[in-house]
Amino acid sequence: MNRNESEKIKCLIIGSGPAGYTAAIYASRANLSPVLYEGMQPGGQLTTTSEIENFPGYPNGISGLTMMDELKEQAARFGADIRRGVVTGCDLSQSPFKVTIDGEKSIESETVIICTGATAKYLGLPDEAKYRGMGVSACAVCDGFFYRKKNVAVVGGGDSACEEAFYLAGIANKVYLIVRKGFLRASQVMQNRVFNHPQIEILFHTNTLGLFGKNGVEGAHLIKYAGEPNEEQFDIAIDGFFLAIGHKPNSDVFKNYLNLDENGYIQTVWGTTRTNIPGVFAAGDVADPHYRQAVTAAATGCIAAIEAERFLMRI
Ligand code: NDP
């Protein structure tokens, strides 16, 4: 093929988390000969979590890396063409859809399944990187179990932070909720849950300066009323430090074509993975502000592949 010529395919899958690989398994088995581009972080967010203990079928847990390797192997076994590369541009105005990879390669596909995920936001402290997987986490449901009867902190004041604090309070001994303003942004019902929980202590007007600990997190340095006359610095003893300050869906490259919600999540027709453009589907965290679980991502990847197959068959 000429270097300037577009490669023409039936099904392009973008992203390599549980949604992307599951879509690839189903699309391959449906003879759609899918091409999957792995994206910036092959394997997705789960490759950065330690152990996955809540994916059905793994009674002893499985590491995120192993699960992603096995999903990839399973997709490849049925013929999915899995490639390194990042989508840098697209034209979804008409079918076949044109997608640019790494700024140079052009693909034309009759269907596109977007599984580009979301990236958890971090505060940007060097200690977050230092203790990643050693007490720092951005997913209470994934990692909370490791903190049974221990003390933890959650940063954030939105629905996610309150939900994570409430979830962790059912496992841990004590949960500090570190909120930078003097109020919570969460819905009233979530606020009531954390305000009324005896194991949750809310630290308003408080920011994190750093973390400390020898072989993992043992505590956090905090500052209250930063820059005010009554500013004070103090430490809390914790084993786990959870970030819940929001996620950023990786949808920027599609924003000129697809309907996004106010936080950038791709909007899909309720109960489906269909976007506003027929033939373009979105699965996993890039379209899910609510659940963000490996199992729900895999499930929507499956749905997207079945919908792509039906779209191609015009049924
Ligand atoms: P939000 O954007 O709603 O809240 C983020 C929180 O993190 C805010 O309290 C914000 O503080 C704080 N924050 C942001 N950056 C920093 C920082 N650098 N340092 C300290 N604090 C910071 O995100 P969520 O993930 O909570 O929610 C996203 C959306 O999903 C919302 O619409 C929410 O309602 C929805 N959601 C719904 C749920 C449900 O209905 N069960 C569950 C989870 C989410 P500040 O207020 O000062 O800006």
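Predicted model: local features only at pLDDT ≥ 70, side-chain atom pairs only at ≥ 80, totals over all residues.
A residue is called buried when its relative accessible area is under 20%.

**Histidine 247**

Histidine 247 has a relative accessible area of 17%, so it counts as buried. You will find histidine 247 in strand β18, which covers residues 247-249. Which residues does histidine 247 contact, once its neighbours within four places in sequence are left aside? They are Gln45, Ala118, Thr119, Ala120, Lys121, Ala138, Tyr265 and Arg292.

**A sheet of five strands**

Now turn to the open sheet, whose five strands follow the order β10-β17-β11-β12-β13 with parallel pairing. Strands β10 (136-137) and β13 (200-203) stand at the edges; each has a single partner strand, so one side of each is left without a neighbour in the sheet. In general, the strands of a sheet pair through backbone hydrogen bonds, and the pairing may be parallel or antiparallel.

Strand β17 (residues 240-243) runs parallel to β10, and two bridges join them. Within this pair, valine 136 stands opposite phenylalanine 241 in β17.

**Around the ligand**

The ligand has 13 residues around it, and those that come nearest are Gly157, Asp159, Ser160, Arg180 and Arg185. Sorted by class, this shell holds two nonpolar, six polar and five charged residues.

| Residue | Protein atom | Distance to a ligand oxygen atom |
|---|---|---|
| Glycine 158 | backbone N or O atom | 3.3 Å |
| Serine 160 | polar side-chain atom | 2.6 Å |
| Lysine 181 | polar side-chain atom | 3.1 Å |

How much of the ligand's area does the protein bury? Taken alone, the ligand exposes 910 Å², and the protein buries 74% of that.

**Lysine 181**

One residue from the table deserves a second look. Lysine 181 sits in the loop between β12 (174-178) and α6 (188-195).

Not counting residues up to four places away in sequence, lysine 181 touches Phe204 and His205. Lysine 181 and phenylalanine 204 are 23 residues apart in sequence, while their C-alpha atoms are 6.0 Å apart in space.

How values were computed:
Residues numbered from 1 in each chain as written. Heavy atoms only, no water. Near = heavy atom within 4 Å. Polar contact = N/O pair within 3.5 Å; in protein donor to acceptor, adjacent residues only side chain to side chain. Areas by Shrake-Rupley, 256 points an atom, 1.4 Å probe, with all protein chains shown as cover. Nonpolar A, V, L, I, M, F, W, Y, C, P; charged D, E, K, R; others polar. Helix = DSSP H or I, 4+ residues; strand = E, 2+ residues; numbered from the N terminus. Buried < 20%, exposed > 50% of the residue type's maximum accessible area, 1.4 Å probe, protein only. Contact = heavy atoms within 4.5 Å. Pairing = 2+ DSSP bridges.
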